[in-house]
Every structure is written in C-alpha cells, then in structure tokens.
Amino acid sequence: MKTFKKFYIEITSICNLACSFCPPTQRAKGFIGLDEFSHRLDQIKPHTNHIYLHVKGEPLLHPKLDAILDISHAKGFKVNITTNGTLIEKNRHKLLDKPALRQMNFSLHSFDGHEGSTDKDGYVASVLSFAKELVKQPDVFVSFRLWNLTKDNGPTWSASETRKSSKCWNGSSRWISESRRSSCAAAALSWRIAST
Ligand SMILES: C[S@@+](CC[C@H](N)C(=O)[O-])C[C@H]1O[C@@H](n2cnc3c(N)ncnc32)[C@H](O)[C@@H]1O
Ligand code: SF4
C-alpha cells in the first residue's frame, strides 16, 4: 500500500492569468524539463501512484504536456490536471487519448477572477466541447469548479444544498458530488451540460 494518496509536481510556475484571489508565486519562472520530471516520478513512485501537475502556475502552458502524460503512463502514474481552461482549445490534442489522464478540473471562476478576460461564451463553449470529448473515454472524470467571488452573487441556499451543487461529471448519467464551494451558477452550468 502506498503512503500518500497523491503528490503535486509543479510543472510550471508560470501562469497566463492573474486572478485577484491568487497570490503570485515567489518561485522562479520556468518549466520542468522532461528528464527532471522523469526523475521526480522515480523518486515518488514508492509512495504514490497519483500526481497533480500544479501548485501555482497553469499546467496547460507547458510545451511538452503530451510527453509528460506519456512518461507518467510509462511509469504507472495516473494524472489529475487542474487548469483555468483558457488554453484548452490549443491543447486538446495533447490531452485526448492519453491513458494516464484520470481527471481534469476546470477552475471556471478564474475567468471572472482575472481582470481583462474577454469572450466568456467562447471560453465556456471550448471547455464544454473538450469535456464532452474527454468523457467518451472510459474512467475519466471532469470536475467544474466555480466559486462565489463576491457576496452579491452568493446563493441563498443552505450550506449543505450549496455543497450538493458542485459536481464531478463522468459522462454517463451519473453525477458525483464533490465537496467544494460553489454557487447557483455551478448548478446552472451543470444543468446546461446535462441537458446538451
Ligand atoms: C493555483 S491554481 C493552479 C492551476 C490553474 N492555474 C487553475 O487555476 O486551475 C489551483 C487551484 O487553486 C485555486 N486557488 C487560487 N487561489 C487560491 C486561494 N487563495 N485559496 C484557495 N485556492 C486558490 C484556483 O482557483 C484553482 O482551482
Ligand atoms: S489561473 Fe490559476 S494559477 Fe493562474 S492566477 Fe488564476 S488561480 Fe492562480
């Protein structure tokens, strides 16, 4: 039995957004090299089979994301990616049909959290289009994160009802609850996905 459920490997400290709620990292800007990534996997292998590719930074900026997934698969790891989703269109070919990929988490609140974001409809459409394609693969999960960024747009529901409205979607008829802060908009988005 492995000691840790998951490890976080920050494949880049760089981000294409500057969300108001996210303190900038003090770490040097850069991308992990494939040799170093491979070495880190060897180091953690005795302790876990699951990795995330972020701490701060935006993992979809890494130019060798496809190779990172291939190396992870070769070494027996399952990968979870948390992303702001703004670069999903450019990267979908690097993510689809990768057996290592277990889960994609989309931080949808980053769109409004970043001053200067434009084309929200285009953003949501590109995330949903990718998600629908991804969940055609077996045993892959998509999670949509959506926070209340202001007091004004908060839900009027109870805390337990609010928790229920944040879901993990596995592409079948099943919705899986995920305990995260969420909003009425999350429920609306869930409904929109489920009904398309
Ligand atoms: C730091 S981001 C890195 C990955 C990617 N850039 C993204 O936004 O999903 C990882 C997660 O941390 C969340 N986050 C950012 N600032 C936070 C804060 N101050 N407290 C808690 N979570 C935060 C983000 O919304 C995101 O869901
Ligand atoms: S996209 Fe992610 S890493 Fe970048 S500023 Fe927003 S929360 Fe932070």
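This passage walks through a predicted model of a protein chain with its ligands, from the overall fold to single residues. Because the model is predicted, local features were taken only at pLDDT of at least 70 and side-chain atom pairs only at pLDDT 80 or more, while totals for chains, interfaces and linings use all residues. Residues are numbered from 1 along each chain as its sequence is written, and chains are lettered from A and ligands numbered from 1 in the order in which they are written.

Seven helices and seven strands make up the secondary structure of the protein chain. Helices here are DSSP runs of H or I with at least four residues, strands are runs of E with at least two, and both are numbered from the N terminus. Along the sequence they come in the order β-α-β-α-β-α-β-α-α-β-α-β-β-α. Of the 196 residues, 30% count as buried, that is, with 20 or more other C-beta atoms within 10 Å of their own; 12 or fewer makes a residue exposed, anything in between is partly exposed, and the C-beta atoms are placed from the backbone.

On its covered face sit Val 79, Ile 81 and Thr 83, with Lys 78, Asn 80 and Thr 82 on the uncovered one. S3 pairs with S2 in the parallel sense over three bridges, pairing being called when DSSP finds at least two bridges between two strands. Ile 51 stands opposite Val 79 in this arrangement. To get from S2 to S3 the chain goes through H2, and the resulting β-α-β crossover is right-handed: with the strands pointing away from the viewer, the path from the first strand over the helix to the second runs clockwise.

S3 also runs parallel to S4, joined by five bridges. Asn 80 faces Gln 103 of S4, and Thr 82 faces Asn 105. S3, H3 and S4 form a right-handed β-α-β unit as well. Five of the seven residues of S4 are buried, so the strand is largely enclosed by the rest of the structure. S4 pairs in turn with strand S5 (residues 141–145), again parallel and over five bridges, with Phe 106 opposite Phe 144.

Helix H2 (residues 65–74) buries Leu 65, Ile 68, Leu 69 and Ser 72. These cover an arc of only 95 degrees around the axis (taken from the directions from the helix axis to the C-beta atoms), which puts them on the same side of H2. The spacing makes sense in general terms, because an α-helix has 3.6 residues a turn and residues three or four places apart point the same way. The cover over these residues includes helix H1 (34–44), strand S2 (50–52), S3, helix H3 (88–95) and strand S4 (101–107). Just after H2, Gly 76 takes a positive phi of about 80 degrees.

In helix H3, Asn 91 is partly exposed, with 19 other C-beta atoms within 10 Å. Neighbours within four places in sequence aside, Asn 91 is in contact with Leu 60 and Leu 65. Its C-alpha atom is 8.8 Å from that of Leu 61, 30 residues away along the chain.

Most residues other than glycine have a negative phi. Asp 97, in the loop between H3 and S4, instead has a positive phi near 60 degrees, and counts as exposed with 12 C-beta neighbours inside 10 Å. Asp 119, in the loop between H4 and helix H5 (120–134), has a positive phi of about 60 degrees and is exposed, with 11 other C-beta atoms within 10 Å.

A residue belongs to a shell if its C-beta atom, placed from the backbone, lies within 6 Å of the molecule. The shell around ligand 2 includes Cys 15, Cys 19, Cys 22 and Lys 56, and divides into five nonpolar, four polar and two charged residues.

Notes: Ala, Val, Leu, Ile, Met, Phe, Trp, Tyr, Cys and Pro count as nonpolar, Asp, Glu, Lys and Arg as charged, and the others, Gly among them, as polar. Two residues are in contact if their C-beta atoms, placed from the backbone, lie within 7 Å.
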